[in-house]
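Here is a short briefing to read alongside the model. Keep the sequence and the 3D view open as you go.

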Amino acid sequence: SIEYKDPWLIDYDDPPYGRRNQSLAAPFKKYAAPLKLTLNSNFQGVFLNQGYDENTQIWTPPYYSVRAPQQQALSFHGEDITWYFQRWEGDDVRFQHSNQRETAVVFQADGAEARAVYKGHLASSTPEAIAPNNPRKLVYDGSTFQLVYEDQGEIYYTRYNASQQEWEQEGSSHFSLFPV
């Protein structure tokens, strides 16, 4: 799912004036992902370059906003996996804070796309992850199990929380194994 706030969306009954928008007070609305904003949808499209001035580099309302859940449980290869929000990325968009779950967003061109990037808990795209000589390295230091592994060119670290009897959310090293 994804949440989207459109300051121009006409979705509020205000008798005796009829339907209108709630402007800056408009609430986030939850939608199934992917959410496509087209002229054929209820959204009637979006205004481009709304809310950010390239020259002054200042964000000024009204602007669109997106919000993603911190975590989502999704089925993947027949297993329910918890996925954690990492960042926003996209094509022809600018985010005010791309590393925060909730942020203002500016659509810069027709066909612009904003994507919430998630990391599957203890999930790896490396086929060798379950091989006998796998890239996951598990260490027990006498009190805590610690795990390091690679996924999509990044190194992740987690440890086992014995009191809660579960692995903690991974942290990324924020460096790439592969040159960009």
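**Overall picture**

The protein has 17 strands and 0 helices, where DSSP runs define strands (E, at least two residues) and helices (H or I, at least four residues), both numbered from the N terminus. This is a predicted model, in which local features need pLDDT of at least 70, side-chain atom pairs count only at pLDDT 80 or more, and totals for chains, interfaces and linings use all residues. Residues are numbered from 1 along each chain as its sequence is written, and side-chain values use heavy atoms, leaving out hydrogens and water.

**Surface and contacts**

- Of the 180 residues, 32% count as buried, meaning under 20% relative accessible area, while exposed is over 50% and partly exposed lies in between (1.4 Å probe, protein chains only).
- Among contacts (heavy atoms within 4.5 Å) with a separation of 6 or more, 48% involve residues 24 or more positions apart.

- Strands β8 (residues 71-76) and β9 (residues 79-91) run antiparallel and are joined by 6 bridges; strands pair if DSSP finds at least two bridges between them.
- Leu-74 stands opposite Ile-81 in β9.
- The hairpin has 2 residues between its strands, and His-77 takes a positive phi near 55° there.

**Around Asp-92**

- Asp-92 sits in the loop between β9 and β10 (93-95) and is partly exposed, at 42% relative accessible area.
- Leaving aside residues up to four places away in sequence, Asp-92 touches Val-106, Phe-107, Gln-108, Ala-109 and Ala-112.
- From Asp-92 to Ala-114 is 22 residues in sequence and 8.3 Å in space, C-alpha to C-alpha.
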